[in-house]
Amino acid sequence: MIKSLVFLLEFLKGLWITAKHFWINIFFNFLKLIGFNIRDRGSVTIQYPEEKKEIARRHRSLHRILTREDGSPRCVACMLCMTVCPSECIYIEAEEDPNPEIQKRPSKFIIDLSRCCFCGFCVEACPEDALRMDTNIVELGEYNREKLIYDLNRLVRISK
Amino acid sequence: MFLDILIIAIKIILGISWLLTLTLILTWVERKESAVVQDRIGANRASILGLRVFGLFQPIADAIKMMFKEDFVPPFSNRFLHTIAPFLSFFFAVITLAAIPFGDEITIGSKVIALQIVRMNVGLVFILAMFSLGIYGIIIGGWASNNKYTLLGGMRGTAQIISYEIALGLSLIGLIMIYPSLELNEIVKYQGSLLFGFIPKWGVILQPLGFFIFLIAGMAETKRVPFDLPEGESEIIGFYTEYSGMKFGLFMMTDFVEVILISALVTTLFFGGWQVPYLYPDGFHFPWGGNILLNKWIVTVLQVLSFNLKVAFFCWLLVLARWTFPRYRYDQLMNLGWKLLIPMSFVNIIGTGLILILV
Ligand code: SF4
Ligand code: SF4
């Protein structure tokens, strides 16, 4: 019986806390409604499609392939990213580059985003700094899986 | 004769629309209040032609969704009982509204109309009886679904409601000893008189312990968290596991209706019902002198408004409690009911009796 009474006391305390939250938040929400925004109180909700949270600088978002001054992709088809990728979602076919300094270039470079886990290993592995994940594009949802397969053209175009 | 039937019919329609509108609003309040308590905003996307008004259309969207869901009856279950259970549950909750007074009488021409659907001299007993009959919905629903877990939920619900029914009834005995009648309007009228000449004689002042027990037992009657053992989402899912669509919706609405009715009952029994302190049929008469005379229509509007405000306050409190507390374990629930609330109500009865003898 004593224990139950102690429970009840704690319950009243709990009610007091939630009621405090309620009235403080209602007060600040009301102030916001009539146009005062004194302190950032009331609710922590970010109303997503309309308001967006700022993306952190190191956030790993959609890949892009960087280009040289002449516009050709920097990738030399060394296959390191393809090898390191834990999800095996990169597919590269190499061909000879007319420039003897470069020797190789990708004829096909495909990232299948439906399998990518955004670990960023490919970016780490790349010796040419050809691949980066700093586009800040995170809304990648599609209705169609084919649309998630990004080829060389698409990856290059993103950086422009 | 015909006029009387017409008046009763209008009263029933008005009463039920009051209740159902409040139920819809309460589902919205439930979402919003939980959100505000947890520093969120809550559902605000439902809109009609881009008009959002704080998500007030959400209940309508919910209702439309419920109605268009498939109505599934599990195989090998008792189809008739399975169908009738939610209706029983809902019916016995709604019918208690009949005895609750919304205000005093109004006079139109020579007709005196009570703002109460039926004025019966067993009002309080009637309400308690109907509340207990409500368990049939739960136990039948649990049994007819042909599922172990629903049956467990139904039995838990029955055990819980029967135990709390005792505390609920006992907590009111003190009131019955004080009040002159079981008719709720008489009870409310009695609460209009003053104690020591200036304190309104509300039930909560005469019976604080009784109020406390009644509120807790009433919360248990509504079967919502902290006392949602019959549902118990995390272990047994509860007596409406096998219900879908609007039948499930009815069970859900029963909970909300019960919240409103418990609030209305607490208001009527302990917080002076439609009484406004110091407001008499011809206006305010303050005990420290000073009168404000008012038209009798204004007085009636004030009284109905005061009743609604008090009900709204208790709905708010019950929803707040629902979003504050974790669920009781089953043995704790039984302990609270049998070892704390019932002894406390006995203490209350004896104490009230002693005071009545001595004073
Ligand atoms: S981010 Fe990870 S999973 Fe995605 S392509 Fe790069 S290495 Fe593969
Ligand atoms: S690691 Fe860099 S250079 Fe090598 S194939 Fe991948 S993108 Fe091209």
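Is B:Asn146 buried, partly exposed or exposed? The model is a predicted one, and in it B:Asn146 has a relative accessible area of 46%. That value lies between the 20% and 50% cut-offs, and B:Asn146 is therefore partly exposed.

## Residues with positive phi

B:Asn146 lies in the loop between H5 and H6 of chain B. Its phi is positive, near 60°, in a residue other than glycine. Most residues other than glycine have a negative phi.

A positive phi is also found at A:Met79, again not a glycine, with a value of about 75°. A:Met79 belongs to the loop between strand E1 (64-65) and helix H2 (80-84) of chain A. With 25% relative accessibility, A:Met79 counts as partly exposed.

## Helix H5 of chain B

Helix H5 of chain B spans residues 135-144 and is mostly covered, with seven of its ten residues buried. The buried residues are B:Ile135, B:Gly137, B:Ile138, B:Ile140, B:Gly141, B:Gly142 and B:Ala144. They pack against four helices of chain B: helix H3 (79-94), helix H4 (123-133), helix H6 (148-178) and helix H10 (245-270). After H5(B) comes B:Asn146, the residue with the positive phi near 60°.

## Domains of chain A

Chain A is divided into domain 1, residues 1-45, and domain 2, residues 64-159. Taken over C-alpha atoms, the centres of domain 1 and domain 2 of chain A are separated by 51 Å.

## Interface of chain A and chain B

The size of an interface is often given as the accessible area lost when the parts come together. Between chain A and chain B the buried area is about 2,100 Å², and carbon and sulfur atoms give 72% of this area. A:Leu8, A:Phe11 and A:Phe22 supply 26% of the area that chain A buries against chain B, more than any other three residues. The contact involves 25 residues from chain A and 23 residues from chain B.

Ten residue pairs in polar contact, both residues at pLDDT 80 or more, are found across the interface of chain A and chain B. On the side of chain A that touches chain B, the residues divide into 14 nonpolar, ten polar and one charged. One salt bridge is found across this interface. The side chains of B:Arg45 and A:Glu50 form a salt bridge, with N to O at 3.1 Å.

B:Asn44 is located in the loop between helix H1 (2-37) and helix H2 (58-67) of chain B. Its relative accessibility is 14%, under the 20% cut-off, so B:Asn44 counts as buried. The side chain of B:Asn44 makes a polar contact of 3.4 Å with the side chain of A:Gln47. Leaving aside residues up to four places away in sequence, B:Asn44 touches A:Gln47 together with B:Lys32, B:Arg52, B:Phe54 and B:Gly55.

## Salt bridges within the chains

Side chains of opposite charge can pair when their charged atoms come close. Over all chains, the structure holds 19 salt bridges. One of them joins B:Glu30 and B:Arg322, whose side chains meet at 3.1 Å, N to O. This pair links distant parts of the chain, 292 residues apart: B:Glu30 is in helix H1 of chain B, and B:Arg322 is in helix H11 (residues 296-322) of chain B. B:Glu30 counts as buried at 10% relative accessibility, and B:Arg322 is buried with a relative accessible area of 19%.

In chain A, salt bridges that share partners join A:Arg64, A:Arg74, A:Asp129, A:Arg132 and A:Asp134 into one network. A:Asp134 counts as partly exposed at 34% relative accessibility, and A:Arg132 is partly exposed with a relative accessible area of 28%.

A:Lys13 forms a salt bridge with A:Glu10, in which the closest N and O atoms are 3.5 Å apart. Both residues lie in helix H1 (residues 2-33) of chain A, three residues apart, about one turn of the helix. A:Glu10 is partly exposed, with a relative accessible area of 41%.

Definitions and conventions
Residues numbered from 1 in each chain as written. Chains lettered and ligands numbered in written order. Predicted model: local features only at pLDDT ≥ 70, side-chain atom pairs only at ≥ 80, totals over all residues. Heavy atoms only, no water. Domains from an automatic or database assignment. Helix = DSSP H or I, 4+ residues; strand = E, 2+ residues; numbered from the N terminus. Buried < 20%, exposed > 50% of the residue type's maximum accessible area, 1.4 Å probe, protein only. Polar contact = N/O pair within 3.5 Å; in protein donor to acceptor, adjacent residues only side chain to side chain. Contact = heavy atoms within 4.5 Å. Buried area = accessible area lost by both parts, 1.4 Å probe. Salt bridge = Lys/Arg side-chain N within 4 Å of Asp/Glu carboxyl O. Nonpolar A, V, L, I, M, F, W, Y, C, P; charged D, E, K, R; others polar.
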